[in-house]
Amino acid sequence: MRIISANLNGIRSATSKGFLTWLASQNADIIGVQELKAQAADLNLEMQNPAGLTGYFHYAEKKGYSGVGLYCRRPADQVIVGLGVPEIDAEGRYLEVRFANLSVVSLYLPSGSSSEERQAVKFVFLDHFWAHLATLSASGRDVIVMGDWNIAHNEIDLKNWKGNLKNSGFLPEERLWFTRMLSELQLVDVWRTLYPEIPGYTWWSNRGQAYAKDVGWRIDYQIASPQLAATAKQAYVYKDEKFSDHAPLVIDYDYVI
């Protein structure tokens with residue numbers, strides 16, 4: 001089972017840069033995309049259902065903002081849109097598909113970098129999301145929650161960690177929340193488990209020469225339930241082409257849907 005997560009920073013922009021062409025060569029089973037920056041009417045047929053895939057989406061109410069999607073090789077048995085919290089769901093940040101005992105989520109966690117108000121929104125989201133994750137992780141289902149979490153967990157997860165100790169995405173409270181999620185909810189950071197010493201950056205600022213110099217952050221994750229995580233065989237961050245300010249995270253699991 002190949003699972004891909006990719007923040008597109010605009011599905012129309014990423015498509016124009018070859019994302020769907022690349023995707024067609026990947027033979028992926030499920031692809032989670034984030035930051036659609038589009039509504040249903042903005043998506044052409046290829047964006048809605050790329051060759052051989054069925055698309056499901058959670059759009060933000062605000063035009064050109066947020067939004068998540070999932071492309072599936074096999075039609076889902078069940079689709080869950082949103083967390084059931086109106087002010088959160090208005091931003092289009094959570095989409096879950098289910099196949100028998102498997103749940104796969106595309107997640108776009110808020111960024112708090114633009115203002116104190118948005119950081120407060122991020123903390124509110126984390127509170128609601130904790131309760132949801134606790135229920136999901138205790139359900140006995142196989143779970144993958146993938147996407148842009150907008151949190152770099154540890155020092156290895158961003159190049160300039162010393163300079164970001166007081167910045168959104170690397171705040172002590174955010175990092176502690178992430179640590180508690182892994183330990184108390186018994187979820188697994190699949191990349192870090194496979195590659196304990198490889199940074200695995202997935203996002204680079206557009207300022208300066210961050211991408212060229214690989215001054216990045218690892219904020220895109222696949223977080224899985226323990227039994228499913230144990231089947232992960234290999235992973236890589238795809239950087240041969242640049243579709244967005246994020247790079248796709250690809251993980252192969254020895255698991256059959």
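The points below concern aromatic pairs, an aromatic cluster and charges placed over rings.

1. The model is predicted. It holds 19 aromatic pairs. One of them joins Trp 22 and Tyr 238, whose rings are stacked, with 4.8 Å from centre to centre and 25 degrees between the planes. This pair counts as stacked because its planes are under 30 degrees apart.

2. The two partners come from distant parts of the chain, 216 residues apart. Trp 22 belongs to helix 2 (residues 19-24), while Tyr 238 is found in the loop between strand 13 (232-237) and strand 14 (249-253). Trp 22 has a relative accessible area of 5% and is therefore buried. Tyr 238 is also buried, at 12% relative accessibility.

3. Trp 22 forms an aromatic pair with Phe 243 as well; here the arrangement is tilted, with 5.7 Å between the centres and 40 degrees between the planes. Because Trp 22 lies in helix 2 and Phe 243 in the loop between strand 13 and strand 14, the pair ties together parts that are 221 residues apart in sequence. Phe 243 is buried, with a relative accessible area of 3%.

4. Which residues form one aromatic cluster? They are Tyr 94, Phe 125, Phe 129, Trp 130, Trp 149, Trp 177, Phe 178 and Tyr 221. Trp 130, a member of this cluster, has Arg 180 over its face, at 4.3 Å from the ring centre.

5. A charge is also placed over the ring of Tyr 211: the charged end of Lys 242 sits there, 4.2 Å from the ring's centre.

Methods
Residues are numbered from 1 along each chain as its sequence is written. This is a predicted model: local features need pLDDT of at least 70, side-chain atom pairs count only at pLDDT 80 or more; totals for chains, interfaces and linings use all residues. Side-chain values use heavy atoms; hydrogens and water are left out. Rings of Phe, Tyr and Trp (its six-membered ring) pair if their centres lie within 6.5 Å; planes under 30 degrees apart count as stacked, over 60 as edge-to-face and the rest as tilted. Helices (H or I, at least four residues) and strands (E, at least two) are DSSP runs, numbered from the N terminus. Buried means under 20% relative accessible area, exposed over 50%, partly exposed in between (1.4 Å probe, protein chains only). A charge sits over a ring if NZ of Lys or CZ of Arg is within 6 Å of the ring centre and within 35 degrees of the ring normal.
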